[in-house]
Amino acid sequence: MITSFLIKSLDRTILVAVAILLALAVLVPVLNLLTAPDHPLHVPTYLVSLFGKYLTYALLALALDLVWGFCGILSLGHAAFFALGGYAMGMYLMRQIGARGSYGNPLLPDFMVFLNWKELPWFWYGFDMFWFAALMVVLVPGLIAFVFGWFAFRSRVNGVYLSIITQAMTYALLLAFFRNDMGFGGNNGLTDFKDILGFNIQADGTRAALFAASALALAVSLVITSGIVRSKFGKVLVALRDAESRTRFLGYRVEHMKLFAFTVSAMMAGVAGALYVPQVGIINPGEFEPGNSIEVVIWTAVGGRGTLIGPIIGAILVNGGKSIFTAAFPEFWLFALGGLFVLVTLLLPKGIVGTAQHYLARRRSYRAETVSDKGAGLRASEPMAAE
Amino acid sequence: MYRILQTVLVALILFTAFPAAGLSAEEPLRDLVNALGTAKLSNMDEHIAALAKSGDPKIVPILEALSDGNLYVRKADDQVFLTRESGANLTLTDPLSGESVGEAPKSALSKIKVNNSVRRSVRAALGGLTLLSPDRNQRFKAAQSILQSPNADALPTIENALAAEKDAAIRTLLEQARATAVLASDRPPEEKRQAVQTLKQNGGREALSILSAALGTADETLKPEIEAALASIEQTQALWAAGQNVWYGLSLGSVLLLAAIGLAITFGVMGIINMAHGEMVMLGAYTTFLVQEIVRTSFPGLFDWSLAIALPLAFLVTGAVGLAIERGVIRFLYGRPLETLLATWGISLILQQAVRSIFGPTNREVGNPSWMSGAFELGGLTITWNRLWIILFALTVFAGLLFLLKKTPMGLQMRAVTQNRRMASSMGIRTPVVDALTFALGSGIAGMAGVALSQIDNVSPNLGQGYIIDSFMVVVFGGVGNLWGTLVGAFSLGILNKFLEPYAGAVLGKILVLVLIILFIQKRPRGLFALKGRAVEA
């Protein structure tokens, strides 16, 4: 059954994308570690980390695409799941510092010593073990998404209302994590990490490995999402996106399906956050900022919602642009980003990949039309309507 | 004419004669003062009491100097002087006339020695003296200070002062001081009981601390009485505190109402998610800043009118920006709310960055006109003028908007278009024009809100962001498409927030409110006052 799931999930585009990602996962570390710094093919470490970060963003965008592109749920709080996963990983990294912190306390992280805490809060127990932290990376966002979604979808909160309350959720989490009493480092968050699984987090080798892990995670998630989307279940998801009431009347438990997609998506976002934190070396409440979640939406929109490759391309393009822009003309970045929001929604509602697919499909159907009779043209026409 | 001159002359003579009369009265006083110089520590009290009995305000600086150790006696003739150190010498001042009488070497004088018991009697005497001073402010201060450190010895002085006092405010203070002193004295229990009653009636935080202090030393018969009084004061205090919380809540609610009411039109009535709404508020605040800058540099006399000038200007500026946004972007996105949300978010980023580029990222100062600064007391409540004006302003804007929507042709058209666009169009209403005007109206109201919020918040490019989530919460909570819902939503969220704050802290309180709203939406997905009927399905 799993094999059939896998086979179904791999159409040509996905196959190519997964192959590229796997190739990157091998090639980039090799080019980074095994070539001399002056070699023309050498990849400097800062680029490895930068693109590693982009890959985690791409994973986040892919997670959002699963709910927005295929299920019609515009979540404006996905960065919250990302940050929760990041915090879970950050807590593991904090515990790994051990007695090497500035206060030299073997058990308590520096900020707790600073706040005069005497013992570790209960929710920090277990985070000294990697497997536990890794479990929490998936479970915590998943659980929160499950509870939140269970309430929201059951009472049929949808459309704009859902967007607004997801935004309220991330805002509430932002405020909560800013509090010192929460035990997550307050304003400053978690930082000063030393090592991960015994390897120095600053070392080139670790960074290359983290890049490879990000590429791998993205490839696996791509296969999973593709499997979900291409299964019968995925077809019903698209159906409920386009006509929720009709799907419900046909006898599908719409809220359960939405809940499933939302929870899976949140878990993927959590994994993305967990890979993000060791590569940037810090996690703070700023990641919960509602603006961040909305930015994820624009990555997905630029690439093309409802396509699986689109969000990955969008996330890398927009963030690459951001890196270049903020270095060259820092004051114009927000103009550019704002303009992107307006122009993409007005002129490119299907995104780059969506538009390209549209033209390809038109050409193909045109050819088909000229060759055979006219019936084929209708099938290839616009697959998705507005929500 | 002659008569007037005569009166003036007589008055003049009388005035010049008066100090002379004073001088002659000074002689016994001077003896008393000089007696301080030769007095022993043991009988200093009597001398001080004798001085205090004279009731002359001139005594005050002398007694102060005595307790500060600045009163010296000249060894040669036992004359007493106020002194100030100047190098090796002392500058001498005549204690009664206050005139300088030159300097003298330190060796020629000796300091009048005091100890703590003398200082205590000086303080009591001073309290009594200033309590009788003809200057109201001085009496007021004296009454306050005596209330802060009351003791049984001061009782006669307080009673004396109370008998002479006419000013109501000072009387209350004195009565409280008397009651406190009585509680500390060895007067009969009946009088103490009355004192407890007096304190209970006056209430307040001081009474609370006085009574709880007295509870420890009071005898058994009085204890239940004091406890009852304590309970009653605490209850009134709690009531006032609740009242103050309601006031703070109303104030926060009015801010929320102002921020949300424009949104209630664009989101509630038109169904457009305008994420740039907060930026409209910000633009309104910056308009106020600009107006104030111009007024300050060119017409400083008009400063108190600056808000009145800024109000229509802000409405026009943000209304025009709103119109441009609607014509340029939003009209292409009708029927696609999620896309509208993204596009307006983009616009909000652009507006923020534009303001940051023009005015800089730091806070700009917007001043309060005189009629908006300060506060007044209402019972146990402290009410600041700017909050009061903002509440009134918010309600006025609300009423105006309600009137516009319900009683004018434009409002009628707006409601028609939102309820059934095609039908309205068939009836000859030019729906694109109505859309544009409605959106401009919503934006303009946000600008007016910005004028008000510039008075209580920091005017920075991020001003709007702080309000956007809150205002969406208000609109969603109150029920989309219903102005009354927005009103009720804003005030109930404001008051709820302020009542949670003391128990949970400001941040946790806010989180709780957000969680409550999220839960509330589960129960009533369309808010408190949901629209009913076919419009809902559209």
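Biologist: Say two strands pair when DSSP finds at least two bridges between them. On that basis, how many bridges join strand β3 of chain B to β4(B)?

Modeller: This is a predicted model, to be clear from the start. In it, 4 bridges join β3(B), residues 89-93, to β4(B), and the two strands run antiparallel. One example is B:Thr91, whose bridge partner in β4(B) is B:Glu103.

Biologist: What do β3(B) and β4(B) form, and how many residues are between them?

Modeller: They form a hairpin, with 6 residues between the strands. B:Gly98 sits in that turn and has a positive phi of about 80°.

Biologist: How many residues of β4(B) are buried?

Modeller: The count is 0 out of the 6 residues, 100-105, so by the cut-off of 20 or more other C-beta atoms within 10 Å the strand is hardly covered.

Biologist: Switching to helices. How many of the residues of α17(B) are buried?

Modeller: 18 of the 23, so α17(B) is largely enclosed by the rest of the structure. The helix covers residues 431-453 of chain B. From its first C-alpha to its last α17(B) reaches 33 Å, close to the 33 Å expected at 1.5 Å a residue.

Biologist: Now the interface. How many residues of chain B are in contact with chain A?

Modeller: 34 residues of chain B are in contact with 40 residues of chain A. On the chain B side, α13 (337-359), α18 (465-478) and α20 (506-523) each supply at least two residues.

Biologist: Which element gives the largest share of that side?

Modeller: α13(B), with 14 residues.

Biologist: And what is the side of chain B that touches chain A like by class?

Modeller: It has 25 nonpolar residues, 6 polar and 3 charged.

Biologist: What are the scores for the model?

Modeller: ipTM is 0.84 and pTM is 0.75. Chain B averages a pLDDT of 81, and 90% of its residues score at least 70.

Biologist: Which elements of chain B have the lowest and the highest mean pLDDT?

Modeller: Helix α1(B), residues 2-38, has the lowest at 60, and helix α12(B), residues 306-328, has the highest at 93.

Biologist: Where in chain B does pLDDT stay under 50?

Modeller: Over residues 16-24, for one, where the model has 0 contacts beyond four places in sequence. It also stays under 50 over residues 534-538, which have 2 such contacts.

Biologist: Overall shape next. What is the radius of gyration of chain B?

Modeller: Chain B has 35 Å, whereas a compact globule of 538 residues would have one near 24 Å. The C-alpha trace spans about 110 × 65 × 55 Å along its principal axes. Chain B holds 20 helices and 7 strands, and 41% of its residues are buried. Of its contacts with a separation of 6 or more, 69% are between residues 24 or more positions apart.

Biologist: I was looking at A:Ala58. Buried or exposed?

Modeller: A:Ala58 is buried, because 28 other C-beta atoms lie within 10 Å and the cut-off is 20 or more. Its place is in helix α3(A), residues 45-71.

Biologist: Which residues is A:Ala58 in contact with, leaving aside its neighbours within four places in sequence?

Modeller: A:Leu218, A:Pro311, A:Ile312, A:Ala315 and A:Ile316. As for A:Tyr161, 103 residues apart from A:Ala58 along the chain, the two C-alpha atoms are separated by 26 Å.

Terms used
Residues are numbered from 1 along each chain as its sequence is written. Chains are lettered from A and ligands numbered from 1 in the order in which they are written. This is a predicted model: local features need pLDDT of at least 70, side-chain atom pairs count only at pLDDT 80 or more; totals for chains, interfaces and linings use all residues. The expected span of a helix is 1.5 Å times one less than its number of residues. A residue is buried if 20 or more other C-beta atoms lie within 10 Å of its own, exposed if 12 or fewer, and partly exposed in between; C-beta atoms are placed from the backbone. Two residues are in contact if their C-beta atoms, placed from the backbone, lie within 7 Å. Ala, Val, Leu, Ile, Met, Phe, Trp, Tyr, Cys and Pro count as nonpolar, Asp, Glu, Lys and Arg as charged, and the others, Gly among them, as polar. pLDDT is the predictor's confidence in each residue, from 0 to 100. The radius of gyration is taken over C-alpha atoms; the globule rule is 2.2 Å times the number of residues to the power 0.38.
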